[in-house]
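Take me on a tour of this structure in the viewer. Tell me what to select at each stop and what is there.

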Amino acid sequence: MARYDDAPLPYSSSGPMPTRNPTLRRGNTRGGTVKRSKTLTRPERHVAPEPLINPGTSAQTTPAEGGNWNWWVLTSWIATFYAPPALLRACGIKDKQTQQAWREKVTLCTIAVIMGAIVGFATMGLQSALCPGGETNKAYQLLGSQNRYAFDISESATPEHVNFYQLANNMSGQDITMLFQRNNDDYPECQGKNAKYATSPLCPTKDPSGTSTDPICSLPQLNKQTVETLKLKNLTLWEGYSWEQVAKLDDYLVLDGYVLNMGPYLAANPNSIENDPVDQVIRRALDKQRSSGKDVTNQFYHTQELRDAIPCMKSRYLAGHIDKMTPGCFVAALFLYCSLGVILGVVLIRFFMALIFNWFIAHRLVEKQDVHGRAIAPTVMPEGANVSVNNQNGTAPWASGQNGQKSAPAPIMDMAQIGQDLFTVCLITCYSEGEEGIRGTLDSIASTTFPDQRKLLWIVCDGMITGAGEKMSTPDICVSMLDADPRFGNPQPMGYIAVGSGAKKENRAMVYAGHYLTKNGHRTPAVIVVKCGMPSEANDATWKPWQA
């Protein structure tokens with residue numbers, strides 16, 4: 001039974017799996033060994049390199065360039081409709097695979113910009129769009145026989161006995177209907193009713209406050225001619241009052257959500273009226289319900305007599321309505337509160353998870369245990385993995401038994417040999433960095449105080465790339481820094497399943513193992529994974545690593 005049952009994945013080629021000829025040292029006849037000088041050399045980007053993967057003279061097949069349409073490819077074409085293939089070829093992007101890679105990158109950037117714009121609008125523009133602010137403090141309520149809307153007085157004239165601007169400074173949005181001449185015939189809802197609320201004069205001859213002897217209705221009747229003469233601007237908006245405003249206004253009360261100005265009624269009837277239920281409800285609300293908003297809706301629906309007075313009361317003394325949240329404002333507020341809840345929830349959950357980890361879990365992960373007498377169960381190790389201290393058969397399928405000799409089984413490692421310190425894997429990714437940057441990163445990690453035997457440098461070279469100004473490719477630089485382990489043998493390209501679809505799903509990589517040495521004496525175990533791609537990619541001078 002084979003100890004290691006790993007084999008390269010099938011790839012799109014009718015020829016045999018290509019292999020790489022071993023590099024021999026001069027004068028060495030015992031077999032191939034790793035040479036770190038020019039194993040992965042690729043002189044310059046955009047220059048056809050010496051093939052790393054040598055497919056021989058067998059027939060080559062190129063992955064099909066068409067027929068791989070899916071939702072993502074279609075989306076990338078729609079997002080880059082303004083860049084036809086002819087335009088991309090004119091800009092220097094000639095082959096179809098590179099054009100598709102460009103389209104996908106631009107599509108990702110477009111999606112990121114759109115998502116950022118949505119978040120920005122939801123944060124700063126949604127409130128303004130769904131719930132615009134109210135009018136300025138120069139819009140005031142005027143209620144007449146036909147016009148019960150707010151008027152803008154910013155350009156109005158100043159008639160005798162009335163100063164609109166002074167009233168504006170005293171209170172924004174107040175009802176000044178009583179300044180205009182009115183009569184009972186203007187309110188048909190009150191016809192046929194003999195109660196004081198329906199028949200009291202609307203223009204008393206004296207100011208109820210006693211500070212002026214001028215008639216209260218000092219302006220002519222509110223009509224189109226009066227509006228033009230006074231230069232008032234009809235905003236076609238009803239004035240809204242908050243509950244706090246109604247509580248502060250002495251003669252205002254609320255009925256069915258409408259705000260009523262009972263000033264004219266109280267001016268005409270300064271004393272209470274006996275056997276008048278409407279008068280009793282009005283005075284009781286104004287005297288005893290100031291802190292509760294003076295809402296008399298329930299009182300007016302107790303009896304039929306009070307219920308019949310509601311239409312006349314709304315028509316005769318209407319000043320505005322209670323401000324209510326519009327659907328747009330409700331949606332905007334709901335979205336903002338939900339967003340705030342989600343953000344705070346994530347922050348608080350992460351905070352408490354950090355506390356729980358720090359208080360209850362962290363110390364259990366690093367506490368040292370008694371390891372004497374304990375051995376590693378072979379069932380927890382991958383098939384073919386080394387479970388001995390010095391296994392001579394190698395650790396890779398291509399290195400197994402390459403020296404032609406079979407060694408006796410080595411003793412199984414136990415926990416005492418491994419020790420009590422935790423194992424740590426440090427992942428370092430490389431793309432087009434130079435030797436100085438890579439060596440600085442590796443030296444920094446290798447020089448930490450954690451034991452070298454308990455940390456592993458896992459270095460990933462993402463493609464056969466030569467950085468700008470470099471003479472060696474990034475994989476060559478990494479491999480040249482490695483003190484290779486001869487037991488690991490000469491690495492061969494091995495297949496794996498990549499994240500992609502179609503031809504991009506199959507890929508290959510080579511794995512090097514050994515130790516990384518620093519100037520201050522650290523010798524840290526290291527594994528280098530070089531993504532080398534499929535044979536067709538290695539022999540295509542126009543191939544780019546993001547296509548694999």
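Select residues 334-361. This span is 100% helix and 0% strand, and its end C-alpha atoms lie 38 Å apart. Helices here are DSSP runs of H or I with at least four residues, strands are runs of E with at least two, and both are numbered from the N terminus. The model is predicted: local features need pLDDT of at least 70, side-chain atom pairs count only at pLDDT 80 or more, and totals for chains, interfaces and linings use all residues. Numbering starts from 1 along each chain as its sequence is written, and side-chain values use heavy atoms, with hydrogens and water left out.

Show the whole chain next. It has 17 helices and 13 strands. Of its 548 residues, 36% count as buried. Buried means under 20% relative accessible area, exposed means over 50%, and partly exposed falls in between (1.4 Å probe, protein chains only). Consider contacts with a separation of 6 or more: residues 24 or more positions apart account for 69% of them. A contact means heavy atoms within 4.5 Å.

Go inside. Select Tyr197, Leu260, Met262, Val278, Ile282, Phe300 and Met313. In the largest nonpolar core, which has 25 residues, these touch the most other members. Such a core is a set of buried Ala, Val, Leu, Ile, Met, Phe, Trp, Tyr and Cys residues joined through side-chain atoms within 4.5 Å. Colour the elements that supply at least two residues each: helix H5 (196-199), strand E5 (252-255), helix H8 (263-268), helix H9 (277-288) and helix H12 (310-317). Which helix gives the most to this core? H9 does, with five residues.

Centre on Phe300. Leaving aside neighbours within four places in sequence, Phe300 is in contact with Leu255, Val278, Val281, Leu306, Arg307, Ala309, Ile310 and Met313. A second, separate core has 23 residues, including Ile428, Cys461, Val530 and Cys532.

Turn to charged pairs. There are six salt bridges, each a side-chain nitrogen of Lys or Arg within 4 Å of a carboxyl oxygen of Asp or Glu.

Pick Lys455 and Asp452. Their side chains meet in a salt bridge at 3.4 Å, N to O. Are these two buried or exposed? Lys455 is buried, at 3% relative accessibility. Asp452 is buried too, at 12%.

Move to Lys531 and Asp462. This salt bridge is also 3.4 Å, N to O. Lys531 lies in strand E13 (residues 523-531) and Asp462 in the loop between strand E9 (455-461) and helix H16 (474-480), so the pair ties together parts 69 residues apart in sequence. Lys531 is buried, with a relative accessible area of 16%. Asp462 is partly exposed, with 36%.

Last stop: Arg523 and Asp483. Their side chains meet in a salt bridge at 3.8 Å, N to O. Arg523 lies in strand E13 and Asp483 in strand E10 (residues 482-484), so this pair ties together parts 40 residues apart in sequence. Arg523 is partly exposed, with a relative accessible area of 44%. Asp483 is partly exposed, with 28%.
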